[in-house]
Structures are given as structure tokens and as C-alpha cells.
Amino acid sequence: MPAQVPPVYKQECAACHMAYPPGMLPAASWQRIMLGLDKHYGSDASMAPEQVQQVSVWLKANAGTYKRVREEPPQDRITRSAWFARKHREVDSAVWKRVSVKSAAQCEACHTQAENGNFDEHQVRIPR
């Protein structure tokens, strides 16, 4: 997670899910997400125009540019990206359905340091 996270990003985005590190998606994906906040994966996540602008600029500046993230995943979902699938290929599909996990999008359920942008596999604790 970049050092200078806009407070509005944590306030608005982390209200429903963890504030994902922007490096998990390419800039084009973040741009589409920010342009479609009124229909954000089935929810209305609209923000004031100045907030959208501030967060959009920050996401673009910190978006993923390295090889594994350059590819735009289906529906701009982190959990549908090739790198995510590769990293989680050993996780049984039943794990994502556990009440303690809820879905693959709830990184912090297993990644104990996810909120800090640390996804080290040695810090993983899969809840029962």
C-alpha cells in the first residue's frame, strides 16, 4: 500500500470491503471502476465528484504496472485476474464459502497483514 493513501479512499472504499492496494489492478481497470461507482458490483458506491477525482488520480498514479498486473482482468475484478488465480490455486473452493471468509474478495480474512498491503504467504491464516 502506498504511503500517502487519501483518507477518502479508506473512508469510502473500506466501508464495504478492504481498501485494496492500487497495485493490484492496472490503471484502465481502476478508471472503469471509478466511472461506474453508481453500479459498483451491484451496489451504489457513488461519491462526490471531487472525491472521485482525488481517488481516481491517486489510483492511476499507483496502479499496477508490472507484468502480472498489466493484464486487465474480467469485469475488472482482482479475484478474476490470472495472477490471483495462480496465487490461490491451492485454496479449495469451499474455503471461499465459509462464513468466516465470505468470498475471495475478503483478503483480510486470511491475509493477516492485508490492511497494510502485506500479502506475504507466511502471514496467511485460513480461518475455520
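Tutor: The term pLDDT denotes the predictor's confidence in each residue, on a scale from 0 to 100. This is a predicted model, in which local features need pLDDT of at least 70 and side-chain atom pairs count only at pLDDT 80 or more, while totals for chains, interfaces and linings use all residues. Residues are numbered from 1 along each chain as its sequence is written, and side-chain values use heavy atoms, with hydrogens and water left out.

Student: What is the average pLDDT of the protein chain?

Tutor: In the protein chain, 100% of the residues score at least 70. The average pLDDT of the chain is 93.

Student: Which element has the lowest mean pLDDT?

Tutor: Helices are DSSP runs of H or I with at least four residues, numbered from the N terminus. The highest mean pLDDT, 97, belongs to helix H2 (residues 27-35). The lowest, 86, belongs to residues 67-70, which form helix H4.

Student: Which helix supplies the largest share of the positive patch?

Tutor: The surface patch of positive charge consists of Lys67, Arg68, Arg70, Arg86, Lys87 and Arg89. H4 and helix H5 (82-87) each give at least two residues to the patch. The largest share, three residues, comes from H4.

Student: Is Arg89 buried or exposed?

Tutor: Arg89 is placed in the loop between H5 and helix H6 (93-96). Buried means under 20% relative accessible area, exposed means over 50%, and partly exposed lies in between (1.4 Å probe, protein chains only). Because its relative accessibility is 61%, Arg89 counts as exposed.

Student: Is Asp76 buried or exposed?

Tutor: Asp76 belongs to the loop between H4 and H5. Its phi is near 55 degrees, a positive value in a residue other than glycine. Most residues other than glycine have a negative phi. Since its relative accessibility is 10%, Asp76 counts as buried.

Student: Is Lys102 buried or exposed?

Tutor: Lys102 lies in the segment after H6. Although Lys102 is not a glycine, its phi is positive, at about 80 degrees. With a relative accessible area of 64%, Lys102 is therefore exposed.

Student: How far apart in space are Glu115 and Leu37?

Tutor: Glu115 is in the segment after H6, and its relative accessibility of 71% makes it exposed. In sequence, Glu115 and Leu37 are 78 residues apart. From C-alpha to C-alpha, their separation in space is 22 Å.

Definitions and conventions
Patches are made of residues with over 30% relative accessible area and no salt bridge: like charges are joined within 9 Å, nonpolar side chains (Val, Leu, Ile, Met, Phe, Trp, Tyr) within 5 Å. Accessible areas come from the Shrake-Rupley method with a 1.4 Å probe; for residues, only the protein chains shown count as cover. A salt bridge is a side-chain nitrogen of Lys or Arg within 4 Å of a carboxyl oxygen of Asp or Glu. Lys and Arg count as positive and Asp and Glu as negative; His and the chain ends are not counted. The place of a charge is taken as NZ of Lys, CZ of Arg, CG of Asp or CD of Glu.
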